[in-house]
Amino acid sequence: MSVPCVAVERERGEAVRERLADADALDGDHEIAVDGDTIYIPVTDSEAVPVDLAPTIVERDAAERDRPRTPAAILGYEPSLERLGDIVIIDEDDDERAREIAEAVMASDVPCETVLNRASPIEGELRVRRWDVLAGDGTETVHREYGHEFALDVAEVYFSPRLATERHRVIEQVAPEETVVDMFAGVGPYAVPMAGRGADVVACDLNERAVEYLRENAERNGVGDRVTAIAGDVREVADEYAGVADRLVMNLPHSADEFLDTAVRLAGDDCVVHYYDIQHEDDPFGPGARAIRAAAGDTYDATVETERVVRSYAPHEYNVCLDVRLTRA
Ligand SMILES: C[S@@+](CC[C@H](N)C(=O)[O-])C[C@H]1O[C@@H](n2cnc3c(N)ncnc32)[C@H](O)[C@@H]1O
């Protein structure tokens with residue numbers, strides 16, 4: 001098929017292609033071609049081509065480009081999708097539309113073994129969700145985050161890929177030789193990378209399956225010797241590790257305040273606490289800061305070093321993190 005192309009010497013090809021892209025004049029549906037010393041760059045609209053290049057426009061046959069088949073291209077609308085390893089997660093109330101999206105995902109070029117739809121909110125002490133399996137049959141996968149691999153089964157453990165940036169922010173603060181206690185560790189998305197930075201990590205979770213994955217993930221990422229994984233209620237292991245922590249991770253946003261006495265028991269003389277909370281947008285940080293100061297009492301000075309909105313949780317509610325330094329008074 002004959003289309004308008006800008007014809008320039010090969011050496012200028014990349015510079016001209018970039019200028020055409022900046023001018024929104026590139027025709028992405030047709031292939032760029034080279035013939036001898038000349039490169040032919042298809043353009044959408046001769047009017048959009050910069051004036052000095054306009055005289056170079058010629059009509060020329062150009063092959064159509066193979067475009068990746070995306071779910072949106074198949075469906076005609078953009079579905080909301082989340083990737084977790086080779087699982088694609090959708091969030092769709094209408095069953096028929098959910099099946100339509102799952103079929104489009106499987107027919108697309110998205111690498112995917114399973115499509116899941118959320119079938120319940122995150123529930124219970126173990127913070128696990130129920131799922132409808134719409135395509136494929138497995139709920140276990142290996143997810144990659146900032147160079148680490150996490151094996152997990154979404155039907156048995158908590159894991160949210162949406163928190164990757166926040167986890168990375170916290171993980172980057174860890175120095176070698178620190179002792180970290182991850183009080184609600186899940187499958188290890190904080191504990192494992194922190195050990196990778198040279199920290200000794202005590203990682204606890206009530207969910208035995210999560211702790212099995214945590215051990216596997218520590219081995220898988222080469223830090224098995226620096227992660228002590230404990231299955232149980234963190235309140236019951238606190239005496240054994242009293243006073244050891246240079247850093248505490250408290251990622252149990254709905255009820256972390258109930259564990260602040262335990263956090264204070266685990267804290268060393270100078271300890272940073274990453275305290276996750278869910279609060280109303282009118283005062284997202286105040287309740288957490290007050291609860292931490294109350295738990296610290298006269299034993300520690302508590303200084304809030306960072307207040308961060310992690311994400312919107314519900315209308316008018318934020319998931320927030322406070323980084324608080326406890327210094328023994
Ligand atoms: C929100 S998840 C966070 C998991 C992990 N930190 C992450 O980012 O994926 C909270 C975890 O706390 C665990 N948990 C709840 N109550 C606990 C307790 N009393 N002691 C230890 N872990 C607990 C749950 O099983 C769950 O895995």
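This is a short tour of the chain, stop by stop, for you to follow in your viewer.

Before you start clicking, note that residues are numbered from 1 along each chain as its sequence is written. The model is predicted, so local features need pLDDT of at least 70 and side-chain atom pairs count only at pLDDT 80 or more, while totals for chains, interfaces and linings use all residues.

**Stop 1: the domains**

Colour residues 2-61 as domain 1, 71-138 as domain 2 and 162-328 as domain 3; these bounds come from an automatic or database domain assignment. Taken over C-alpha atoms, the centres of domain 1 and domain 2 are 40 Å apart.

Now select residues 81-328. An unreviewed UniProt entry lists them as "domain: SAM-dependent methyltransferase TRM5/TYW2-type"; such annotations may be inferred rather than shown by experiment, feature names are shortened, and positions are given in the numbering used here. Over this stretch the chain is 25% helix and 37% strand, with its end C-alpha atoms 46 Å apart. Helices (H or I, at least four residues) and strands (E, at least two) are DSSP runs, numbered from the N terminus.

**Stop 2: the ligand**

Which residues come nearest to the ligand? Select F184, G186, L206, N207 and V234, out of 20 residues around the ligand. A residue is counted here if its C-beta atom, placed from the backbone, lies within 6 Å of the molecule. The shell has 13 nonpolar, three polar and four charged residues. Here Ala, Val, Leu, Ile, Met, Phe, Trp, Tyr, Cys and Pro count as nonpolar, Asp, Glu, Lys and Arg as charged, and the others, Gly among them, as polar. Domain 2 and domain 3 each give at least three residues to this shell.

**Stop 3: helix 4**

Move to residues 164-171, which form helix 4, and pick out its buried residues: E166, R167, V170 and I171. A residue is buried if 20 or more other C-beta atoms lie within 10 Å of its own, exposed if 12 or fewer, and partly exposed in between, with C-beta atoms placed from the backbone. The four sit on the same side of helix 4 because they cover an arc of only 135° around the axis, an arc taken from the directions from the helix axis to the C-beta atoms. Among the elements covering them are helix 5 (191-196) and strand 14 (245-250).

E177 is exposed, with 10 other C-beta atoms within 10 Å.

**Stop 4**

Y241 lies in the loop between helix 7 (234-237) and strand 14. Show V181, V202 and L266 too: Y241 is in contact with them, leaving aside neighbours within four places in sequence. Contact needs C-beta atoms, placed from the backbone, within 7 Å. Y241 and V202 are 39 residues apart in sequence, yet 8.6 Å apart in space, C-alpha to C-alpha.

Next comes V304, in strand 16. Is V304 buried or partly exposed? V304 is partly exposed, with 16 other C-beta atoms within 10 Å. Not counting residues up to four places away, V304 touches A289, L322 and V324.

**Stop 5: back to domain 1**

Finish with S46, in the loop between strand 3 (38-42) and strand 4 (57-61). S46 is exposed, with 12 other C-beta atoms within 10 Å. Beyond its neighbours within four places, S46 is in contact with P4, A54 and I57.

Notes. Contact = placed C-beta atoms within 7 Å.
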